[in-house]
Amino acid sequence: MTVSAFVKLDDVAKRWNGQLGVEGITLDIPEGSFTALLGPSGCGKSTTLRLLAGLEIPDEGKILIDGKDVTTSAASDRNLSMVFQSYALFPHLSVAENVVFGLKVRRVPKAERQQKLHRALEITGLLGFEGRKPGELSGGQRQRVALARAIVAGQRLCLMDEPLSNLDAKLRNAVRKDIKKLQRDLGITVVYVTHDQTEAMSMADTVVLMKDGHIQQIGAPEDLYSRPTNTFVAEFVGAPPMSLIASKALPGFGEDKTIGIRAENVQIAPKGEGRLRCTVIESEFLGSETLIGLGHADATGLCVLKPGLSMLSEGNELDITFADENLHVFDAAGQRLAG
């Protein structure tokens with residue numbers, strides 16, 4: 001039996017003065033899932049989220065939430081909550097007042113408001129901060145207030161627009177774990193916009209990678225990493241990104257193809273025994289390993305990982321090798337070939 005999607009976008013398009021925003025966006029999002037819209041600036045991920053939220057109306061296509069056509073419905077009629085990049089807190093209100101503001105507007109009884117407030121503050125680790133104003137909180141605490149507000153709304157669908165981009169690296173890591181745990185514990189459906197592949201890959205069940213207003217690939221994080229559908233996905237997903245080699249540099253692959261290889265599948269070979277001779281262009285110590293960047297006339301992004309501290313001098317020549325089973329082959333248009 002086929003289970004219908006909780007959130008469905010069917011061939012959705014949005015343009016401004018003839019300029020493309022997004023085109024042909026088709027997505028099925030199951031209830032209780034965590035879906036990340038990933039891509040570079042200007043790719044259409046935030047536009048897609050705004051269309052889903054009802055902040056924009058599509059020029060074409062349909063949007064359904066829980067089986068209801070909400071394509072032209074107002075944001076207030078879509079039964080969802082949002083967490084913004086800017087936190088969107090009222091500076092003159094306390095933490096408690098910010099969290100229950102929406103409930104107060106909807107005239108939820110005071111006793112119920114207090115019960116939901118206590119539960120949300122408990123979940124987000126904000127008990128004891130009820131009386132503080134946003135200006136007295138750290139960035140991470142403000143983001144937790146925004147999360148608590150989304151929790152008390154009690155909606156099954158929560159949209160998040162780059163909620164961690166204002167936090168430093170350590171806080172981002174901590175709040176990322178908080179969000180994922182909250183999503184699992186509450187069983188809500190999250191659609192999360194980010195340009196940060198680490199966020200998308202570590203949090204999402206499904207990643208939707210976008211470029212220039214179009215979806216490039218939809219799949220589990222491991223699918224995008226292990227079987228990229230084109231060279232854009234190959235280079236965008238992964239740190240370091242996949243290295244790409246022109247097939248003319250590798251006998252047996254024919255002409256006008258691009259061969260991809262991940263750094264962990266590249267080995268340094270004895271001189272004269274490798275498949276490519278490269279020049280060391282940089283060495284970057286990462287703690288448990290060293291990333292060695294390599295130059296070659298027919299390749300981009302070539303690198304090899306060595307354990308521990310293994311710095312090599314720039315300009316050194318070395319040979320590298322790799323197994324055919326770890327290669328990804330793309331056609332002249334950059335699309336993945338079978339296998």
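In strand β18, the bridge partner of A269 is D319, and this pairing belongs to a set of three bridges that join β13 to β18 (residues 317–321), the two running antiparallel. The model discussed here is a predicted one.

**The five-stranded sheet**

Strands β13 and β18 are part of an open sheet of five strands, whose order is β13-β18-β14-β15-β17 and whose pairing is antiparallel. The edges of this sheet are formed by β13 (267–269) and β17 (303–307), each of which pairs on one side only. On average, and with direction ignored, neighbouring strands of the sheet are turned by 50 degrees against each other.

Within the sheet, strand β14 (residues 276–285) is joined to β15 by six bridges, and the two strands run antiparallel; F285 stands opposite T290 of β15 in this pairing. The two strands form a hairpin with three residues between them, and in its turn G287 has a positive phi of about 105 degrees. On the other pairing of β15, five bridges connect it with β17 in the antiparallel sense, and there L291 stands opposite L305 of β17.

How many of the seven residues of strand β15 are buried? Five of the seven residues of β15 (residues 289–295) are buried, so this strand is largely enclosed by the rest of the structure.

**The four-stranded sheet**

An open sheet of four strands, also with antiparallel pairing, has the order β16-β11-β12-β19. Its edge strands are β16 (299–300) and β19 (328–330), each pairing on one side only. Strand β11 (residues 243–246) and strand β12 (residues 258–261) run antiparallel and are joined by four bridges, with I259 of β12 as the bridge partner of I245.

| Strand pair | Bridges | Sense |
|---|---|---|
| β13 and β18 | three bridges | antiparallel |
| β14 and β15 | six bridges | antiparallel |
| β15 and β17 | five bridges | antiparallel |
| β11 and β12 | four bridges | antiparallel |

**Cysteines**

A disulfide is a covalent bond between the sulfur atoms of two cysteines. With a cut-off of 2.5 Å between the sulfur atoms, the count of disulfides in this model comes to zero.

**A buried strand residue and a surface patch**

I25 lies in strand β2 (residues 19–29) and is buried, with a relative accessible area of 1%. The C-alpha atoms of I25 and T48 are separated by 8.0 Å, although these residues are 23 residues apart along the chain.

At the surface, F90, F101 and V105 form a nonpolar patch, and together they have about 260 Å² of accessible area. One of these residues, F101, is found in helix α2 (residues 95–105). Is F101 buried, partly exposed or exposed? With a relative accessible area of 36%, F101 is partly exposed, because that class lies between the limits of 20% and 50%.

Conventions:
Residues numbered from 1 in each chain as written. Predicted model: local features only at pLDDT ≥ 70, side-chain atom pairs only at ≥ 80, totals over all residues. Heavy atoms only, no water. Patch = residues over 30% accessible without salt bridge, like charges linked within 9 Å, V, L, I, M, F, W, Y side chains within 5 Å. Areas by Shrake-Rupley, 256 points an atom, 1.4 Å probe, with all protein chains shown as cover. Salt bridge = Lys/Arg side-chain N within 4 Å of Asp/Glu carboxyl O. Buried < 20%, exposed > 50% of the residue type's maximum accessible area, 1.4 Å probe, protein only. Pairing = 2+ DSSP bridges. Axes fitted to C-alpha atoms, helices over the stretch in contact; angles between N-to-C directions.
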